[in-house]
Amino acid sequence: MNGTASLNNIKRDDPPALRNPYTSHYSDLLSRVNNFSIIESTLREGEQFANAFFDTDTKIEIAKALDAFGVEYIELTSPAASEQSREDCVAICKLGLKAKILTHIRCHMGDAKIAVETGVDGVDVVIGTSSYLREFSHGKDMNYITKQAIEVVNFVKSKGIEVRFSSEDSFRSDLVDLLSIYRTVDKLGVNRVGIADTVGCANPRQVYDLVRTLRGVVSCDIECHFHNDTGCAIANAYAALEAGATHIDTSVLGIGERNGITPLGGLVARMYTADKEYIKNKYKLHMLRDLENLVADAVQVQVPFNNYITGYCSFTHKAGVHAKAILNNPSTYEILKPEDFGMTRYVSIGHRLTGWNAVKNRVEQLDIKLTDDQVKQVTIKIKELADIRPLTMEDVDNLLRDFHNAITSGDQLRVDGVLAVETN
């Protein structure tokens, strides 16, 4: 099917991706949507979150939880940052986790010499390449940056561990400068080159174009790091994978500098819709809620009500039309299966938008015997009450039980009394 094909030409027996033009499918041979790795940076980028203070025990607890969830890499704060950071890096390296342990350093030989002695599996090297950072941060030109990159990359490689070289503020850097330095470090044999949307200015189209261009220049893997200042971090990560990126940086709840980066849960949700079985087999999805609660407690924030997958409203259905469809087939209004993540759906009925089908479902859950006409009667009463004040589930259950008892008694006056109950 090409982009100009008419929907009128789609036949019932066509494959699903053809019947539904919005279904994900992999026509791009470079796409890594169903073959990528997560570099989990809660213990590096996340330490830059305003509220973050992770002592050693907390870092170890988070690292173990990330490993149990199944992330492929765990990135730690530079051991050159402080003596405690160095000691914590050594301690986590000694845990024997399945995930590879990385640390993130400046493109500086002093940092590199400290990093390689900690026992990490790899070193992530970064330096600013945009005109802003070259003028107002480190003050170096591209010739200096290239020379420094060659020295540091060769040194790390000589220690037999992984090395990634990344530009910083990639999307405000000159494209010729970027491709030149990436080509240089690729020839040195880096494991990955990194693209960083340091200020969150990129959009998915820009991301796709840059990654696709870079994919034609280097033979190594491509890692991407997206900040969320303008709300595009998840979409940008997906676009990067479509274009051929191989690794995506995340943090739990997206915590990090300013508005943070691509959230682990949000990326998992997006990739689940692209290839559900791949994600279910790759990660322990039922552990996500506990992992997010662990980090939320550590940085003293609440998991947002609308958080991807684990927010308390994520699988709550309220409108009557929605509720009826959900009860008949959850896929009508859910692209994610809550049970795959250890979550449950909730149909809210104590409000003016409720429908009798949702109330009937609750009646059946309570093992109360009412006809459809009776359910419709009591639904009217629920809506009348909800017009006046909020109703808890207990309020609704009590009303249903009182109505059922009145019906069972055969006393119409009692039934009328329930339906006419005072509203204040």
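This is a predicted model: local features need pLDDT of at least 70, side-chain atom pairs count only at pLDDT 80 or more; totals for chains, interfaces and linings use all residues.
The largest pocket has a volume of about 750 Å³. Its lining takes in 36 residues, and the ones closest to the pocket centre are His104, Arg106, Val126, Ile127 and Glu168.

**The cavity**

Searching the whole structure for cavities of 30 Å³ or more turns up one. The largest cavity holds about 40 Å³ of space. Its lining consists of Leu43, Lys59, Leu76, Thr77, Ser85, Asp88, Cys89 and Ile92. Helix α3 (residues 83–93) is the top contributor here, giving four residues to that lining. Sorted by class, the cavity lining has four nonpolar, two polar and two charged residues.

Here are the two spaces side by side:

| Space | Volume | Lining by class |
|---|---|---|
| Largest cavity | about 40 Å³ | four nonpolar, two polar, two charged residues |

**A helix pair**

Two packed helices are described by the angle between their axes and the distance between the axes. Take helix α13 (residues 320–328) and helix α14 (residues 356–365): their axes come within 7 Å and cross at roughly 50°. That is why α13 and α14 count as oblique to each other. On the α13 side, the contact is made by Ala323, Lys324 and Leu327, while α14 brings in Asn357, Ala358 and Asn361. By class, this contact of α13 with α14 has three nonpolar, two polar and one charged residues.

**Aromatic rings**

The structure holds three aromatic pairs. One of them joins Tyr272 and Phe341, with 5.0 Å centre to centre and 50° between the planes, which makes a tilted pair. Where do the two partners, Tyr272 and Phe341, lie? Tyr272 lies in helix α10 (residues 264–274), whereas Phe341 lies in the loop between α13 and β10 (346–347), so the pair ties together parts that are 69 residues apart in sequence.

Notes. Residues are numbered from 1 along each chain as its sequence is written. Side-chain values use heavy atoms; hydrogens and water are left out. Axes are lines fitted to C-alpha atoms, for helices over the stretch in contact, and angles run from 0 to 180 degrees between N-to-C directions. Helices (H or I, at least four residues) and strands (E, at least two) are DSSP runs, numbered from the N terminus. Angles under 35 degrees count as roughly parallel, over 145 as roughly antiparallel, 65 to 115 as roughly perpendicular and the rest as oblique. Contact means heavy atoms within 4.5 Å. Ala, Val, Leu, Ile, Met, Phe, Trp, Tyr, Cys and Pro count as nonpolar, Asp, Glu, Lys and Arg as charged, and the others, Gly among them, as polar. On a 1 Å grid over the protein atoms alone, a cavity is a set of points where a 1.4 Å probe fits but cannot get out, and a pocket is an open set with protein on both sides within 12 Å along at least five of seven lines; lining residues have an atom within 4 Å of a point. Grid points are joined across faces, edges and corners, and a volume is the space filled by probe spheres set on the points. Rings of Phe, Tyr and Trp (its six-membered ring) pair if their centres lie within 6.5 Å; planes under 30 degrees apart count as stacked, over 60 as edge-to-face and the rest as tilted.
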